[in-house]
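Let's take a look at which aromatic rings pair up in this model, and then at the strands around them. Have the structure open as you read.

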Amino acid sequence: MWVVRIALLAAGLVVAGAVRSTADVCAYVANSGDGSVSVIDTATNTVCATIPVGETPRSIVFTPDATRAYVANGHSRTLSLIDTAANRVIATFPAGRDPRDLALTADGTRLYVTNGSSDAVALIDTTTQMFIGDDIPVGNAPRGIALTADGSRAYVTSVVDDQVFVIDTASNVVFDVIAVGSGPTNVAITPDGTQAYVTNGNAVSIIDVRTNHILRDLRIGNSPRDVAVAPDGGRAYATNNEAVYVIDTAPQSIDTSILMTSPTAVAVTPDSRHVYIASGDTIVVLDATAHIVVPAIAVGAAPLSIAIADVPTGCSGNACGGDCTGDGTVTVEEILTAVRIALGTQPVSTCAAADRNHDGQIAVDEILTAVHAALDGCVPP
């Protein structure tokens, strides 16, 4: 009990108002070359976990509450379901032939999967992990997929047919086909649901979702690959084989481009302030305001997809809060270290594990987490 009294004494010395959310913005990276997912803490831009999944992971998507993440494993023909609190796979189930890309409905109950070898989109019930009905035929070699904000439509690219297929999600039937440039790969839809951005040929085609007509083609050079729209809707980001292009959405124009080595996937943080880009076997982080690139983060081999979300339990999974040495236990000395950090007599770097939300401080709840870890064993963050 004296340990608890120490923690409560320190609590009285922590500045009032220090209670904070434990949610962290985490980037999950599907590494196609080594069958893994790297978890990046975006507060520190460090990899805090590496999760083995199936063979050739190509796409990743979070559930609406970010407590789970689905990974499409191409060569394994499976989906891996990750528990983001523990950062481990808790289920693996069939995904069809050659799963490529994923889109999850806003209520998290239905998962759309493009299957490149079956020329179709599969629909999975996430409560049973079973297929719903027959596959939805689309063009040859479907690749990217995105749902509109209201979930009423799904836009699917066909690499071979040079088209985008539009699915009515109420009936799960294709009701329109849009011709675009050669080899369309990926698609992203603006947060207001009015426009779809499609990478193809040497351009990004911007489609009016209301009419399914192309509003504009923005030339971005050879082999466009991925595209993402910032959550605030102000900008889109597209990669080709040598650069990432920054696109203003109103008016629709190219702002600038930044040279990189073979950039593939791109994703934007929830606050729209930073852009994460897969380049080689690293993740490059771009400041969206100043267009400044910070040092690259080493991940697994050949990353192909990035998903970013506020993960309620943080990025470090089930690591013990206060376990400074990483040996799976919390000692009295480690609790005292957390107290000294809270008092300002030691830097947080002496026990980064005690700083659960990575804000550079130790607060009441973080000290108590360390105490519980010492008394009861490792507890979830």
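Tyr28 and Phe62 are both buried, where buried means under 20% relative accessible area, exposed over 50% and partly exposed in between (1.4 Å probe, protein chains only). Keep in mind that this is a predicted model: local features need pLDDT of at least 70, side-chain atom pairs count only at pLDDT 80 or more, and totals for chains, interfaces and linings use all residues. Residues are numbered from 1 along each chain as its sequence is written, and side-chain values use heavy atoms, with hydrogens and water left out.

**Aromatic pairs**

Rings of Phe, Tyr and Trp (its six-membered ring) pair if their centres lie within 6.5 Å; planes under 30 degrees apart count as stacked, over 60 as edge-to-face and the rest as tilted. By that rule, the count is two aromatic pairs. The planes of Tyr28 and Phe62 stand at 80 degrees, so this pair is edge-to-face. Tyr28 sits in strand 1 and Phe62 in strand 4, so the pair ties together parts that are 34 residues apart in sequence. Strands here are DSSP runs (E, at least two residues), numbered from the N terminus.

Then there's Tyr70 with Phe93, which is edge-to-face too. This pair links distant parts of the chain, with Tyr70 in strand 5 and Phe93 in strand 7. Tyr70 has 4% relative accessibility, so it counts as buried, and Phe93 is buried at 5%.

| Pair | Centre to centre | Angle between planes |
|---|---|---|
| Tyr28 and Phe62 | 5.1 Å | 80 degrees |
| Tyr70 and Phe93 | 6.3 Å | 80 degrees |

**The open sheet**

Which order do the strands of the four-stranded open sheet take? The order is 4-5-6-7, with antiparallel pairing; two strands pair if DSSP finds at least two bridges between them. Strand 4 and strand 7 are the edge strands, each pairing on one side only. On average, neighbouring strands in this sheet are turned by 25 degrees against each other, direction ignored, using axes that are lines fitted to C-alpha atoms.

Inside the sheet, strand 5 and strand 6 (residues 78-83) run antiparallel over six bridges. One of the contacts to look up is Arg68, whose bridge partner in strand 6 is Asp83.

Strand 15 (residues 163-168) and strand 16 (residues 173-179) are antiparallel and joined by six bridges. Val166 has Asp176 in strand 16 as its bridge partner. Four residues lie between the strands of this hairpin, and Asn172 takes a positive phi near 55 degrees there.

Terms used:
Axes fitted to C-alpha atoms, helices over the stretch in contact; angles between N-to-C directions.
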